[in-house]
There are 2 protein chains.
Amino acid sequence: MKKHNFYAGPSILPEIVYEKTKEAIDDFAGTGVSLMSISHRSKQFEAVITESQEIFRELLNIPEGYQVIFVGGGASTQFFTVPFNLLEKKAAYLNTGTWANTALKEAKMFGEIVEVASSADKNYNYIPKGFSVPKDVDYLHITTNNTIFGTEIKEDLDFGVPLVADMSSDFCSRPVDVSKYALIYAGAQKNVGPAGVTVVIIKEEILGKVSRQIPTMVDYRTHIKKGSMHNTPPVLPIFSMLETMKWIKGLGGVEVIQKMNIEKAGILYDEIERNKVFKPTVANPEDRSLMNITFVMNDGFEEHEKAFLDMAAERNILGLKGHRSVGGFRASTYNALPIESVKVLIQAMQDFEKKF
Amino acid sequence: MKKHNFYAGPSILPEIVYEKTKEAIDDFAGTGVSLMSISHRSKQFEAVITESQEIFRELLNIPEGYQVIFVGGGASTQFFTVPFNLLEKKAAYLNTGTWANTALKEAKMFGEIVEVASSADKNYNYIPKGFSVPKDVDYLHITTNNTIFGTEIKEDLDFGVPLVADMSSDFCSRPVDVSKYALIYAGAQKNVGPAGVTVVIIKEEILGKVSRQIPTMVDYRTHIKKGSMHNTPPVLPIFSMLETMKWIKGLGGVEVIQKMNIEKAGILYDEIERNKVFKPTVANPEDRSLMNITFVMNDGFEEHEKAFLDMAAERNILGLKGHRSVGGFRASTYNALPIESVKVLIQAMQDFEKKF
């Protein structure tokens with residue numbers, strides 16, 4: 001019984017990743033030992049780390065002077081790790097949602113924080129524009145995709161200050177110009193792998209400028225110097241992430257993935273606009289996320305929300321219930337979600353509309 | 001072709017754990033969704049977290065007033081997290097090896113550190129005794145098992161100060177009296193699961209006593225309050241750890257595991273003592289680790305080290321090469337290593353001896 005997995009994360013991965021992971025649990029890289037029991041210092045696993053760094057470099061076209069590391073603790077750990085490493089006096093934060101705001105609050109321990117703009121006034125249903133950023137900040141922090149509220153910054157911003165981006169929920173869903181960023185971080189468990197590993201891409205020259213002491217495991221330089229092997233890394237999540245990246249590469253790279261994501265999100269937004277029973281939560285099409293498509297019952301249909309969720313469940317559509325901060329529905333259409341699942345959802349929406 | 005996996009960690013797990021993990025990658029808890037793609041907020045995964053807390057409580061007989069949390073980042077992350085949460089003025093550290101010393105150095109950022117004793121003078125080949133601990137320290141930190149040097153503190157120490165123990169490499173290999181500890185932490189990847197998750201057992205009353213600000217993810221209270229679900233936890237490693245703990249429970253608990261470990265280590269130490277070609281690195285039998293059994297070529301046989309490693313490799317014995325700080329050999333005989341593998345190693349040692 002096929003499930004249509006619209007979970008916001010951890011989320012669907014390509015079938016080949018499940019298969020390759022199971023094979024490796026039986027016998028990792030011909031060692032005769034399970035992936036769950038292989039030494040991280042074995043040459044076979046060191047090859048996984050090296051290949052993982054290389055595939056991110058290749059697919060995201062990461063320039064010289066940047067390093068790629070893999071760490072544990074989730075993106076939430078980066079909320080304090082970023083200011084610990086980079087914030088000497090003042091940093092700017094763009095407040096576009098729950099996670100952006102959480103990152104902002106966390107940074108206050110380390111210096112002065114300027115909230116350059118916020119969309120909190122309208123429950124984060126838009127991306128602020130026309131704001132300015134002080135030139136004397138150590139960095140500007142943004143959250144490119146707001147998983148809960150269904151908004152996304154789809155362009156590479158440039159305010160003339162170092163740009164730090166939490167890309168947890170749209171990482172590798174589209175090409176980005178890495179040279180525009182000082183630091184990018186992303187929990188793997190949306191578009192690039194299972195939960196348990198976070199990818200950080202760092203412009204090396206931004207490090208070493210703060211005067212505070214940094215704990216060894218918090219210091220990005222530790223992980224750069226040791227090639228993400230200062231201590232035992234999350235072996236299996238890294239392996240499965242590499243297999244996910246190989247799948248992306250096999251399809252043609254992030255440019256091809258982007259086209260697929262635009263198509264999936266496009267047909268779903270079109271249906272939300274067309275269907276009398278539903279309406280989008282994000283008014284401005286250019287602010288709408290291609291990853292988390294949020295919508296609610298249209299005016300007059302509010303009482304039927306549960307009935308639609310029940311219908312979706314009957315059709316094996318999972319993870320459609322919206323976050324409690326927004327209500328309604330959220331369809332997460334990450335890289336590995338097949339367009340067929342989106343079509344099943346659209347069919348359910350159309351069948352539901354026919355009831356009225 | 002059966003491999004005998006003596007890796008120091010990540011290390012061998014029970015076969016049933018590999019099987020259960022593969023099954024869950026296909027279909028987690030009857031959800032029709034992969035373990036790698038299930039929402040951590042699903043009731044099925046929340047049940048895994050709850051059951052994991054309960055099984056540690058049961059098997060380690062954890063008293064009331066203690067909490068069990070699961071976090072990422074490895075035990076190395078605990079090296080700074082412990083003093084961040086607990087060190088106000090002064091802490092005592094027992095220096096019994098590389099990791100104990102690393103933990104000690106990391107703590108110096110946070111307060112005054114008293115090294116109460118050290119075995120560095122003899123390359124950490126013994127456990128110091130007869131030392132005293134100042135009564136005014138915030139805690140005493142020990143490393144119960146020294147993976148690299150093959151020594152182990154097998155009793156529950158009591159110096160009348162809060163005791164913090166890194167049990168990464170002997171956690172759940174034997175019963176401990178948790179009430180004697182203020183905090184226990186352990187990376188899973190030796191005795192209780194795959195790499196990617198760390199277990200922390202905390203006496204709640206020791207928290208909240210330091211004056212410094214603590215980043216949210218570093219603050220143990222965050223993870224206690226949120227039941228290890230403040231952010232996305234390492235889903236698969238936690239699942240596989242629970243399956244490992246169920247296997248321990250099925251055998252009869254940590255008391256039975258301890259007997260098995262004593263038997264495995266016992267026959268191997270006996271052979272090292274008996275065999276003319278080898279000698280142990282840890283002279284005092286009571287200091288010898290039951291987890292990492294370190295030995296070297298006996299006097300006059302030094303030149304044959306590589307020949308023995310080659311013979312071991314031919315017999316599918318993996319991970320036997322000692323850490324570079326000690327040289328020689330290290331046989332890690334964690335919970336899941338079958339006694340049959342130890343017997344294969346002993347046979348190889350005896351056959352090797354016959355050559356001379």
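V282(B) touches N125(B), Y126(B), G150(B), T151(B), D287(B), R288(B) and T294(B), leaving aside residues up to four places away in sequence. Touching, or being in contact, is defined here as two C-beta atoms, placed from the backbone, lying within 7 Å. This is a predicted model, in which local features need pLDDT of at least 70 and side-chain atom pairs count only at pLDDT 80 or more, while totals for chains, interfaces and linings use all residues. Residues are numbered from 1 along each chain as its sequence is written, and chains are lettered from A and ligands numbered from 1 in the order in which they are written.

Where in the chain is V282(B) found? V282(B) sits in the loop between β11 (278-280) and β12 (292-297) of chain B. Helices (H or I, at least four residues) and strands (E, at least two) are DSSP runs, numbered from the N terminus. Is V282(B) buried or exposed? V282(B) counts as buried because it has 25 C-beta neighbours inside 10 Å. The definition is this: buried takes 20 or more other C-beta atoms within 10 Å of the residue's own, exposed takes 12 or fewer, and partly exposed is in between, with C-beta atoms placed from the backbone. From V282(B) to I293(B) is eleven residues in sequence, and 9.0 Å in space from C-alpha to C-alpha.

Now a strand of chain B. In β10 (residues 198-203) of chain B, five of the six residues are buried, so by the definition of that term the strand is mostly covered. Six bridges join β10(B) to strand β2 (residues 66-71) of chain B, and the two run antiparallel. Strands pair, by definition, if DSSP finds at least two bridges between them.

Next, chain A as a whole. Chain A has nine helices and 14 strands. Its radius of gyration is 21 Å, close to the 21 Å that the globule rule gives for 356 residues, so chain A is as compact as a globular protein of that length. That radius is taken over C-alpha atoms, and the rule is 2.2 Å times the number of residues to the power 0.38. Buried residues make up 53% of the 356 in chain A.

Chain A is divided into domain 1 (4-11 + 253-354) and domain 2 (15-251), with bounds from an automatic or database domain assignment. Between these domains of chain A, 29 residues of domain 1 are in contact with 28 residues of domain 2. On the domain 1 side of chain A, the largest share, six residues, comes from α7(A).

Last, the two chains together. How many residues does each chain give to the contact? Chain A gives 50 residues and chain B gives 50 residues. On chain A, α1 (15-26), α3 (74-86) and α6 (235-251) each supply at least two residues of that side.
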